[in-house]
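Open the model in your viewer and follow the stops below in order.

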Amino acid sequence: MIAEVNKDECIGCESCPAFCPEVFKMEDDGLAVAYTNPVPAEFEESCKEAVEGCPAHCISLT
Ligand code: SF4
């Protein structure tokens with residue numbers, strides 16, 4: 001599973017690293033990035049929660 005943040009739509013709310021810090025982090029530009037790909041199996045559930053919790057709906061899982 002690959003997680004990607006569409007930075008054009010990210011509003012920098014810091015929600016995704018709160019749900020799943022193993023996969024998402026905030027960068028110096030104030031926007032999130034998915035930095036652990038492919039997503040390790042043990043983090044898939046929390047990663048999906050991060051996707052569902054994203055208010056901008058800008059995280060994709062493939
Ligand atoms: S939850 Fe969505 S809008 Fe918020 S920082 Fe993460 S990617 Fe950006």
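Which of the 15 residues around the ligand come nearest? Select Cys10, Cys13, Glu14, Cys16 and Cys54: these come nearest, where a residue is near if one of its heavy atoms lies within 4 Å of the molecule. This is a predicted model, in which local features need pLDDT of at least 70, side-chain atom pairs count only at pLDDT 80 or more, and totals for chains, interfaces and linings use all residues. Residues are numbered from 1 along each chain as its sequence is written, and side-chain values use heavy atoms, with hydrogens and water left out.

Now colour the shell around the ligand by class: 12 residues are nonpolar, two polar and one charged. Here Ala, Val, Leu, Ile, Met, Phe, Trp, Tyr, Cys and Pro count as nonpolar, Asp, Glu, Lys and Arg as charged, and the others, Gly among them, as polar.

Next, select helix H2, residues 44-53, a DSSP run of H or I with at least four residues, numbered from the N terminus. Ser46, Cys47 and Ala50 are buried there (under 20% relative accessible area, with exposed over 50%; 1.4 Å probe, protein chains only). Seen down the axis of H2, these buried residues fall within an arc of 105°, so they line one face of the helix; the arc is that of the directions from the helix axis to the C-beta atoms. Turn to the face away from the buried side to find the exposed Glu45 and Glu52.

Finally, centre on Ser46 in helix H2. Ser46 counts as buried because its relative accessibility is 18%. Apart from neighbours within four places in sequence, Ser46 is in contact with Phe19 and Cys20 (heavy atoms within 4.5 Å).

Notes
Helices (H or I, at least four residues) and strands (E, at least two) are DSSP runs, numbered from the N terminus.
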